[in-house]
Amino acid sequence: MDLVAEMLCAQLRAAAPEVNAVRICPPLIRRLGRLPLAIAKRAAFNADRLANRWWDYPRHLRQRLNEFDYFHICDHSYAHLVHVLPPERTGVFCHDLDCFRCLLEPEREPRPRWFRAMSRRTLHGLQKAAVVFYSTNEMRRRLEEHNLVDTARLVHAPYGVSPEFTPDPDEFDSTIAGNATPFLLHVGSCIPRKRIDVLLAVFAGVRARFPELSLLQVGGEWTPAQREQIDRLGIGRAIQQQRGLNRRTLAALYRQARIVLQPSEAEGFGLPVIEALACGALVVASDIPVLREVGGKGAVFCPAADVPCWVETIGQLLAQSAKAPERAERLAQARRFSWDQHAQTILRAYRRNLRCAA
């Protein structure tokens with residue numbers, strides 16, 4: 001959640017100059033990654049990241065406890081850090097429950113004992129924090145359903161839209177328009193809950209009616225099963241995948257895409273939905289509570305994993321764009337979300353907590 005941390009610090013510095021907002025992000029220390037031929041590169045990186053997260057980061061924080069009035073953990077998967085921070089002066093932003101699924105639904109996500117132990121310590125850190133922030137009402141419902149956090153400590157702080165995501169085109173648009181065939185766009189990772197299998201099946205069905213279309217997937221990396229599905233569907237030549245794009249390039253892709261697709265079966269928020277709407281894009285998303293809350297009247301919804309419905313809906317929108325929500329409605333929905341409001345909500349929560357502790 002680097003974006004959330006970046007936007008929070010930027011907005012606090014701009015709107016609350018009396019607040020000295022500092023990002024504490026110690027550099028990754030490479031140990032196994034520096035050993036030649038020791039183990040596979042990915043395994044070495046993961047081992048180094050684990051050591052940094054659970055050993056180096058806490059040690060770094062212990063040396064800086066007296067420098068700050070409050071500590072804000074922008075990503076709940078780092079909530080184990082609450083154990084080394086003053087919990088009464090620490091808040092955590094809980095984006096989703098993915099890293100706790102092995103504890104909450106062990107039958108759906110079995111994990112080894114060491115992994116469950118780390119998840120349990122992370123969860124206990126979240127539960128110790130003075131404030132726990134969440135982005136959607138559906139996220140609050142999940143926290144309450146599992147009785148994870150005292151509701152008195154919960155604060156609703158929706159994400160915002162970065163300034164690059166605007167309906168106004170720039171030079172990136174002309175470059176993309178000149179080089180690309182008409183394309184559908186998906187932004188996000190390729191983890192199971194994103195339902196990339198549905199995305200690929202839907203694209204194959206749509207392309208049978210609109211053979212000029214291509215699919216651009218941004219931010220993910222195909223799994224072996226997804227590559228096999230691409231080969232089986234015979235759509236490999238019509239699919240492209242890109243990673244590491246800056247926000248201006250991504251904004252141009254949203255503006256140039258025929259439709260932005262979000263077929264996830266579960267989300268904590270669904271940031272690509274409001275980014276796409278802020279660029280004036282047509283969005284078709286899974287009809288799940290989180291995406292309904294975020295997309296509102298600006299997006300079109302289909303039942304999650306209902307491939308025929310998705311194919312039919314997208315086909316209708318491609319053939320008759322007038323059936324889509326009006327552009328003004330899409331932009332109005334995106335304007336409901338602001339990083340400035342996000343930062344102000346978080347700042348008010350800490351100030352309120354400070355007054356209560358006085």
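Helix α7 (residues 196–209) and helix α8 (residues 224–233) have axes that come within 10 Å and cross at roughly 15°. Helices here are DSSP runs of H or I with at least four residues, numbered from the N terminus. Axes are lines fitted to C-alpha atoms, for helices over the stretch in contact, and angles run from 0 to 180 degrees between N-to-C directions. The angle makes α7 roughly parallel to α8; angles under 35 degrees count as roughly parallel, over 145 as roughly antiparallel, 65 to 115 as roughly perpendicular and the rest as oblique. The two helices contact each other (heavy atoms within 4.5 Å) through I196, D197, L200, A201 and A204 of α7 and Q226, Q229, I230 and L233 of α8. By class, this contact of α7 with α8 has 6 nonpolar, 2 polar and 1 charged residues. Ala, Val, Leu, Ile, Met, Phe, Trp, Tyr, Cys and Pro count as nonpolar, Asp, Glu, Lys and Arg as charged, and the others, Gly among them, as polar. The crossing of α7 and α8 is right-handed, a term for the near helix being turned clockwise from the far one by less than a right angle, with anticlockwise giving left-handed.

The model is predicted, with local features requiring pLDDT of at least 70 and side-chain atom pairs pLDDT 80 or more, while totals for chains, interfaces and linings use all residues. Residues are numbered from 1 along each chain as its sequence is written, and side-chain values use heavy atoms, leaving out hydrogens and water.

Helix α7 also meets helix α12 (residues 307–319), the axes coming within 9 Å and crossing at roughly 45°. That angle makes α7 oblique to α12. On the α7 side the contact is made by V198, A201, V202, G205, V206 and R209, and on the α12 side by V307, W310, V311, E312, I314, G315 and L318. This contact has 9 nonpolar, 2 polar and 2 charged residues. α7 passes α12 in a right-handed crossing.

A further pair is helix α10 (residues 271–278) and helix α13 (residues 327–334), whose axes come within 7 Å and cross at roughly 130°. α10 and α13 are therefore oblique to each other. α10 passes α13 in a left-handed crossing. I274, L277 and A278 in α10 meet R330, L331, Q333 and A334 in α13. The classes in this contact are 5 nonpolar, 1 polar and 1 charged.

A cavity is a set of points on a 1 Å grid over the protein atoms alone where a 1.4 Å probe fits but cannot get out, and lining residues have an atom within 4 Å of a point. The largest cavity is lined by D96, L97, D98, R101, R142, R193, A266, E267 and G268. That lining divides into 2 nonpolar, 1 polar and 6 charged residues.

Conventions
On a 1 Å grid over the protein atoms alone, a cavity is a set of points where a 1.4 Å probe fits but cannot get out, and a pocket is an open set with protein on both sides within 12 Å along at least five of seven lines; lining residues have an atom within 4 Å of a point.
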